[in-house]
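Have the sequence and the model open as you read.

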Amino acid sequence: MNNLIKKGVVVAVVFLFIGVSCIPTGITSKVAPIDDIQNEPQDFFFGLKGNIMFDFDLEHFLEPIKPVGGAYFFPFNVSYKVSGMFADIITRWFRGRASMTIELSIKEVPEWASITVSHDMVHCYIGTDWETCHEQSYIRITLDERAPAFELSYYKIVGASICIKGPFGFFTWIHGSEGEEEFPFVPDYLPIISITPETNLIEIPPGQIGELNISIENLGNGLTLVKSEIIEIPSPDWWVYIQPETVLDVGEEKEAPLFIMPPENFTGFEHIKISFTPCYYYNPELQGDPRIEFITVKFH
């Protein structure tokens, strides 16, 4: 009887190693939807498959990010689970003994953005249910002035799990895997304009109309409506006019003529105060700080 038991054990061990020798190594796989994971073909015996999932608040990630406004942080979670034949049995051995290491990286970042992840390496419990990694991870985003206003943009975050070998490294228990997710983000409107009068000092005889061109350039990141307003004149008997609105595309420059007619009794020096306010063309309530220009009128 003892001999039969010993022979049975030997045969079982032989079949075990035959099965182990059939396990493919070096396999990676991208994350699949939760409902589809159970339907995928599984590796034989110890060749378990790792699955990586990302979870984030979409509404938070779609909050507009101000270009050249400092860094913005967005939290997200990484989860991990194991699937495959005998997964329930094998993962019990890891509980309390080991965790899965997942390396995080960012890819496909627009050239006008800088995007990093707070933890480039996180750790999760190993089990057959989704386990959230111990570390709370954050996406850090900064944008420069070229980021297009309110244009939905994307980058990818990739998680790669390590491969776990069995005793003495002879065979693979859990294959390394890879999961990726597209994360959205939206640049905010950046209202920046440049105002350049051809001169800040103009000589105009009394009762005559003088003309002075003022160059307006859109240095922001979206279609901009510039509101021009005369906010101070020497007295009510002065006539001063500038076109109230100028529409500029990104990087575009236009000239707005300023017309001035002093009264008949004018002599000496007087000042005119003008404001230029940049607004987002599609929503004028989004506006920047006004630019103030002073024009001096003289006549001797």
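Buried means under 20% relative accessible area, exposed means over 50%, and partly exposed lies in between (1.4 Å probe, protein chains only). By that cut-off C279 is buried, at 0%. The model is predicted: local features need pLDDT of at least 70, side-chain atom pairs count only at pLDDT 80 or more, and totals for chains, interfaces and linings use all residues. Residues are numbered from 1 along each chain as its sequence is written, and side-chain values use heavy atoms, with hydrogens and water left out.

**Cysteines**

| Residue | Relative accessible area | State |
|---|---|---|
| C124 | 0% | buried |
| C133 | 6% | buried |
| C279 | 0% | buried |

A disulfide is a pair of cysteine sulfur atoms within 2.5 Å. The whole structure holds one. It links C124 and C133, S to S 1.7 Å. The link is left-handed, with -70 degrees about the S-S bond.

**Sheet**

Strands are DSSP runs (E, at least two residues), numbered from the N terminus. Two strands pair if DSSP finds at least two bridges between them. Four strands make an open antiparallel sheet, ordered β5-β3-β8-β11. β5 (121–125) and β11 (178–185) are the edges; each has a single partner strand, so one side of each lacks a neighbour in the sheet. β3 (residues 99–107) pairs with β8 (residues 153–161) over six bridges, antiparallel. I102 has S161 of β8 as its bridge partner.

Y154 is partly exposed, at 39% relative accessible area.
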